[in-house]
Amino acid sequence: MTKLRPTCRWCKGHNVLADAYAQWDEDRGDWTLSSTFDNYECVDCEGETSVEWVSEEDYAKIIEELTALDPALGLLIARDRKLGVSDEEIVERIREAVDDETRRRASLDKERTTHV
Ligand SMILES: [Zn+2]
């Protein structure tokens, strides 16, 4: 069975809370989860988020696509896998690297426009 995990759309983490109702359970003498709603809060981003449902297979597919795009990246991925790094962790690392690069370029662009 494919296990899907809720993934924060912003940070791609799984530390996500869902709004829910709890119902009093007379037998257990405790609250029990009654229903959940499509409103999510990310513990890591400390804010509202929406989630994507991602499976382990999805990570493997993402890695395959990335490897096809960039053979150099493929070598790094192969090395990480040999070291026992999970596919999920590899994808997270790549996303972080891409985010850093995007931020770096954005700040460079800003510098350029302010100096013109
Ligand atoms: Zn988040």
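Buried, as the word is used in these legends, means under 20% relative accessible area, and exposed means over 50%. The views below show a predicted model.

View 1. Helix 2 comprises residues 71–82, and its buried residues are G74, I77 and D80. These three cover an arc of only 125° around the axis, which puts them on the same side of helix 2. On the other side of helix 2, the residues P71, L75 and K82 are exposed. With 12 residues, helix 2 reaches 17 Å from its first C-alpha to its last, which is close to the 16 Å expected at 1.5 Å a residue.

View 2. Helix 1 runs over residues 56–69, and at 1.5 Å a residue its 14 residues should span 20 Å, which agrees with the 21 Å between its end C-alpha atoms. Within helix 1, the residues Y59, I63 and L66 are buried, and because they cover an arc of only 65° around the axis they lie on the same side of helix 1. An α-helix has 3.6 residues a turn, so residues three or four places apart point the same way. On the other side of helix 1, E64, E65 and A68 are exposed.

View 3. The protein donors of the zinc ion are the SG atoms of C8, C11, C42 and C45, which lie 2.2 to 2.4 Å from the ion. The angles among the four donor atoms are 105 to 113°, and the site of the zinc ion is tetrahedral. For comparison, the ideal angle for four tetrahedral donors is 109.5 degrees. In sequence, the donor residues are spaced C-x2-C-x30-C-x2-C. The pair of C8, in strand 1 (residues 4–8), and C42, in strand 3, links distant parts of the chain, the two residues being 34 residues apart. Both C8 and C42 are buried.

**View 4. The pairing of strand 3 with strand 4.** Strand 3 (residues 30–42) and strand 4 run antiparallel and are joined by three bridges. The bridge partner of Y40 in strand 4 is T49.

Notes:
Residues are numbered from 1 along each chain as its sequence is written. This is a predicted model: local features need pLDDT of at least 70, side-chain atom pairs count only at pLDDT 80 or more; totals for chains, interfaces and linings use all residues. Side-chain values use heavy atoms; hydrogens and water are left out. Two strands pair if DSSP finds at least two bridges between them. Helices (H or I, at least four residues) and strands (E, at least two) are DSSP runs, numbered from the N terminus. Donors are N, O and S atoms within 2.8 Å of the metal (3.2 Å for Na, K and Ca); water is not among the atoms, so sites may look incomplete. Four donors count as tetrahedral if all angles lie between 85 and 135 degrees; four count as square planar and six as octahedral if opposite donors are over 155 degrees apart and all others between 65 and 115; anything else is irregular. Buried means under 20% relative accessible area, exposed over 50%, partly exposed in between (1.4 Å probe, protein chains only). The expected span of a helix is 1.5 Å times one less than its number of residues. The arc is that of the directions from the helix axis to the C-beta atoms.
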